[in-house]
Amino acid sequence: MSELKIHLKIITPERIVFEDDVDSIVAQGVKGSFGVYPNHIPFMSALAVDTAKAVKNGEEIVFSIIGGAFQFKNNEAIILTEVAEKGSDIDTARAELAKERAEAKLVDAETQRDIKLANMAIAKAMARLKAASKR
């Protein structure tokens, strides 16, 4: 008898970031984190700017996910997002620099729009750093 798996596909407009069978998935929805195992009931969720983790044969694979949507049905999971990166592919020095630049922009922000954009840039950099630290 074969072990049940989830077929996970992480897609951005530019490419398929990941496609493989995994044992479980943990992601950050806008209303909190959730986990999915084989034969979970179908559902969808909006994703937060944070990380998603897949476990395959006991190994954790962490991704930075910059918002988007998660769909699960019939042991197939799809993450649609504008930007996603595998933690092991992230340049931490570059992500740290982006965080510092965003924090400086926040200090100099003059409008609500500037504050919102700076906070989003900080969140993106933090998601990348979080994924990279869990490689």
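The questions below turn to its secondary structure and then to its helices.

Mentor: We begin with the source. This is a predicted model, in which local features need pLDDT of at least 70, side-chain atom pairs count only at pLDDT 80 or more, and totals for chains, interfaces and linings use all residues. Residues are numbered from 1 along each chain as its sequence is written, and side-chain values use heavy atoms, with hydrogens and water left out.

Trainee: Which pattern does the protein follow along the sequence?

Mentor: Helices (H or I, at least four residues) and strands (E, at least two) are DSSP runs, numbered from the N terminus. The secondary structure comes to 2 helices and 8 strands. Read along the sequence, the pattern is β-β-β-β-β-β-β-β-α-α.

Trainee: Are H1 and H2 roughly parallel or antiparallel to each other?

Mentor: Axes are lines fitted to C-alpha atoms, for helices over the stretch in contact, and angles run from 0 to 180 degrees between N-to-C directions. H1 (residues 92–108) and H2 (residues 112–133) pack at about 160 degrees, with their axes 8 Å apart. Angles under 35 degrees count as roughly parallel, over 145 as roughly antiparallel, 65 to 115 as roughly perpendicular and the rest as oblique. The two helices H1 and H2 are therefore roughly antiparallel.

Trainee: Which residues in H2 does H1 meet?

Mentor: Contact means heavy atoms within 4.5 Å. Residues in H1, including Thr92 and Leu106, meet residues in H2. Those in H2 are Ile115, Ala118, Asn119, Ala121, Ile122, Ala125, Met126, Arg128, Leu129 and Ala132.
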